[in-house]
Amino acid sequence: MNFRTVALALAASLSTTTAHAEGFLKVEGTQIVDGSGKPVILRGMGLGGWMLQEGYMLKLGEVGQQHKIRAKLVELVGEERTAAFYRAWLDNHTTEADIAAMAKWGFNSVRLPIHFDQLTLPADKEPNAGEDTWHEEGFQRIDRLLAWSKANGIYLILDLHAAPGGQGNDLAISDRDPTTPSLWQSEENQRKTVMLWTKLAARYKDEPWIGAYDLINEPNWSFATPGKGNGCDETENKAVWSLQQRITAAIRKVDKRHIVIIEGNCWGNNYKGLPPAWDANMVLSFHKYWNRNDEASIAEIKALRTSYNRPIWLGESGENSNGWYRDAIALVEGDGIGWNFWPLKKIGFNQPLEIVAGDGWMHIVAWMTGKGPKPEADAAFAAMMQLAENTRYEKNIPKPDVIDAMFRQPRDASSRPFAKRTLGTKPLTIASADYDLGPPGVAYHDSVDANYHVATGGERTPWNNGTTYRNDGVDIARDAGGAPYVSDFVTGEFMRYSANVAKAGRWTVTARVRSAKGGRIGIDERGVAIPAGTAWQVVKLADVDLPAGPGAATLRAIDCSDCEVAELIFTPR
């Protein structure tokens, strides 16, 4: 199945109902409204990985921070070639095509994670101490992104994701070097941060499609134990609030109109010690990952919204399954809260766009993580430049199942065909991985359909064990030719397959399956036996009579511990 075809069809169905607010966003009580006073629910994605690379997005979580990744690339191919790679990465990763696609899918906002080094020098690299060197090229990249956002009716939210010195002990988030002073340990880093926001505000003060300024992403710093802890146990957070007050005051000297967004300690969620509201046009951000999607999970921030009389915004969330996305979005939108998920694209399967790594890049990954030999320099550089090219929207793999989970499923719990298909006079083959779009319990059932490790206190749990093709609980692997198939199909699980029946009739339904231990599957309660064996085999499931119109068959694992399914075949009788 061509994912881009499915994605284009889904975009067409969604774009006709998409409306975008206009004018400066502002705060009215506990709501964000547009220039006409109409409440706005922000629905957005973060451009993680563009101006700031986090290792895990490149399959380099073991390496971590961007500066460490860059140093290894310099070791591999030299400074000049590494610089060429990063320029190509910045040129290709995010273009107007990405923003246009977001608008068609239904997004009305985009959050730009900024690495300070795109706009200014580190404090210890300034030629004159206490002064600021500005990188016009970085500002021009933001200018272009703003122009694309304007053209597509999307609000651009500026997010200082990597502040000078780094704002926490989760090092990769802000590309922090723990051998140098952090944001919180250096007055000069704080001064530079204030000046950076002053520069940004002065440049964009008259731009209504700038939605807000997100002042410091995810502070995570324990002041009682510098260098250890993430601020979750802090009871006052004085430095966190003081710096954000300083930034706000500096912004207001040049820009009176744009919303400022503040974040608490502990990855944005610890609001203890929050002073009285210091600005009328201020929003409180919270971040939500890997916990339950119930009222208890947002009760504290909702109470703060009421007592503080300011809007709240789910400024970052994601990195989970489609079922989790659906439930989280339904939860927050039900309480009038906008959201921004993370990220738009990466090397991985659980976001709207997937970047194809390429074999050459994975050889580099193996070397960097101590699992393979050092690649030859020319081959490595070619792989790096291919990866940079693969970041372009046109080279990405779109994920229509993710978009469907974010936009349709929070309002419509029914299943839909993964692709248009018709049962007619010729046999119809449906790949097993092309089961219906829809929530868990409707389109499919799997024993694990999301990661709740923050709530359970346990290990991170994969949902799709194969981590490929689709972002549901259904476990999908790929054969030697790259074709996806359903693996780990175990007792109690099911997938639903829908098609339009052109004319009433009878069909024989068969499936190509295998099970080393043997098992039983079926589209009826009795099912059929799968003989034990490691080779694929075709088994007859049933003869079925179907009326004309929408039709469906549900394949169930009746007694399986290791069943695998490649495809279902419907043959007219």
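A: At 42% relative accessibility, Lys59 counts as partly exposed, a class lying between buried (under 20% relative accessible area) and exposed (over 50%), as computed with a 1.4 Å probe on protein chains only. The model is a predicted one, in which local features need pLDDT of at least 70 and side-chain atom pairs count only at pLDDT 80 or more, whereas totals for chains, interfaces and linings use all residues. Residues are numbered from 1 along each chain as its sequence is written, and side-chain values use heavy atoms, with hydrogens and water left out.

Lys59 belongs to the loop between β3 (43-46) and α2 (66-77); helices here are DSSP runs of H or I with at least four residues, strands are runs of E with at least two, and both are numbered from the N terminus. The phi angle of Lys59 is near 65°, a positive value in a residue that is not glycine. Most residues other than glycine have a negative phi, and most peptide bonds are trans.

Trp290 also has a positive phi, near 60°. This residue sits in the loop between β8 (282-288) and α9 (295-308), and its relative accessible area of 18% makes it buried. Strand β8 itself contains Ser285, which is buried at 0%. Apart from neighbours within four places in sequence, Ser285 is in contact (heavy atoms within 4.5 Å) with Ile261, Ile262, Glu263, Gly268, Tyr271, Trp313 and Gly315.

The peptide bond from Trp342 to Pro343 is cis, with omega near -20°. Pro343 lies in the loop between β10 (338-342) and β11 (345-346). Phe341 is among the residues with the most contacts inside the largest nonpolar core, which has 89 residues; such a core is a set of buried Ala, Val, Leu, Ile, Met, Phe, Trp, Tyr and Cys residues joined through side-chain atoms within 4.5 Å. Beyond four places in sequence, the contacts of Phe341 include Gly44, Met45 and Gly46, as well as Trp324, Tyr325 and Met406. A second, separate core of 39 residues includes Leu428, Ile430, Trp507 and Val539.

The axes of α5 (residues 136-151) and α6 (residues 187-204) come within 12 Å and cross at roughly 45°. That angle makes α5 oblique to α6, since angles under 35 degrees count as roughly parallel, over 145 as roughly antiparallel, 65 to 115 as roughly perpendicular and the rest as oblique. Among the residues making this contact are Phe139, Ile142 and Leu146 of α5 and Leu196, Leu200 and Tyr204 of α6.

A further pair is formed by α11 (residues 359-368) and α12 (residues 377-390), which pack at about 115° with their axes 8 Å apart. Gly360, Trp361 and Ile364 of α11 meet Ala380, Ala383, Met384 and Leu387 of α12.

Finally, Trp463 is placed in the loop between α14 (453-456) and β17 (476-478). Trp463 is buried, with a relative accessible area of 8%. Its C-alpha atom is separated by 7.2 Å from that of Val474, a residue 11 residues apart along the chain.

Key. Axes are lines fitted to C-alpha atoms, for helices over the stretch in contact, and angles run from 0 to 180 degrees between N-to-C directions.
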